[in-house]
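Colleague: Please take a close look at one part of this model, and then follow what surrounds that part.

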Amino acid sequence: VPRMVQLGELVQAIADDQFYWGEFGRSEDVDRTEAMATAKPNFFISCQAAFALVAVEGPDAAPVGRFLEGVRKTRDEDLWWTSAAGAASPRGPSPPSVVHNLRHTAKGLDVLVCQGALTAQDVPLIEALLAVGDDDGSWAAYEHGDPEIWATAYVLNLLARLLHTRLSWVG
């Protein structure tokens, strides 16, 4: 007979899976460093873990606070969330070392909406994010990249969340 897992055990397992810098996924990559996480954040799984903790423990749970601090720290000065670019091209100029990550920016804005922390300074960023979508309704992970399902899903999730907030400037 399978043992019934208690909700508290699941909450503890999620909390134990958090790195000290706020990102979740320690059980998947015990050798991960904060520098690696800054270059290529594990944003989706971390958001999902934090959302689960908020649903069960509330927004004041300590791991949620660490996650939110990590989200704030990964936001660039120009308000985008970034990540490391791909490898240098064998021909032509090398790509920038850091690029605007459309996927992570959509997820970061989603986190702000959930917190009620979206501000007027975020509106131009949302407009810019929406403007780089393809005519077919898809988004790439990076500007001028190929459309991908995950980036499109993140942006559509953000749009749905914005519509449900009933903000006067979302229509």
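Modeller: Q121 sits in the loop between α5 (102-115) and α6 (123-131). Helices here are DSSP runs of H or I, at least four residues, and strands are runs of E, at least two, numbered from the N terminus. The model is predicted: local features need pLDDT of at least 70, side-chain atom pairs count only at pLDDT 80 or more, and totals for chains, interfaces and linings use all residues. Residues are numbered from 1 along each chain as its sequence is written, and side-chain values use heavy atoms, leaving out hydrogens and water.

Q121 is partly exposed, at 47% relative accessible area. Buried means under 20%, exposed over 50%, partly exposed in between (1.4 Å probe, protein chains only). L79 is 42 residues from Q121 in sequence, yet the C-alpha to C-alpha separation is 8.5 Å.

Now α5 itself. Its axis and that of α7 (residues 149-165) come within 8 Å and cross at roughly 25°. Axes are lines fitted to C-alpha atoms, for helices over the stretch in contact, and angles run from 0 to 180 degrees between N-to-C directions. The two helices, α5 and α7, are therefore roughly parallel to each other; that term covers angles under 35 degrees. The contact (heavy atoms within 4.5 Å) involves R103, A106, K107, L109, D110, V113 and C114 of α5. From α7 come W150, A151, Y154, V155, N157, L158, R161, L162 and T165. By class, 10 residues are nonpolar, 2 polar and 4 charged. Nonpolar covers Ala, Val, Leu, Ile, Met, Phe, Trp, Tyr, Cys and Pro; charged covers Asp, Glu, Lys and Arg; the others, Gly among them, are polar.

How values were computed: Angles under 35 degrees count as roughly parallel, over 145 as roughly antiparallel, 65 to 115 as roughly perpendicular and the rest as oblique.
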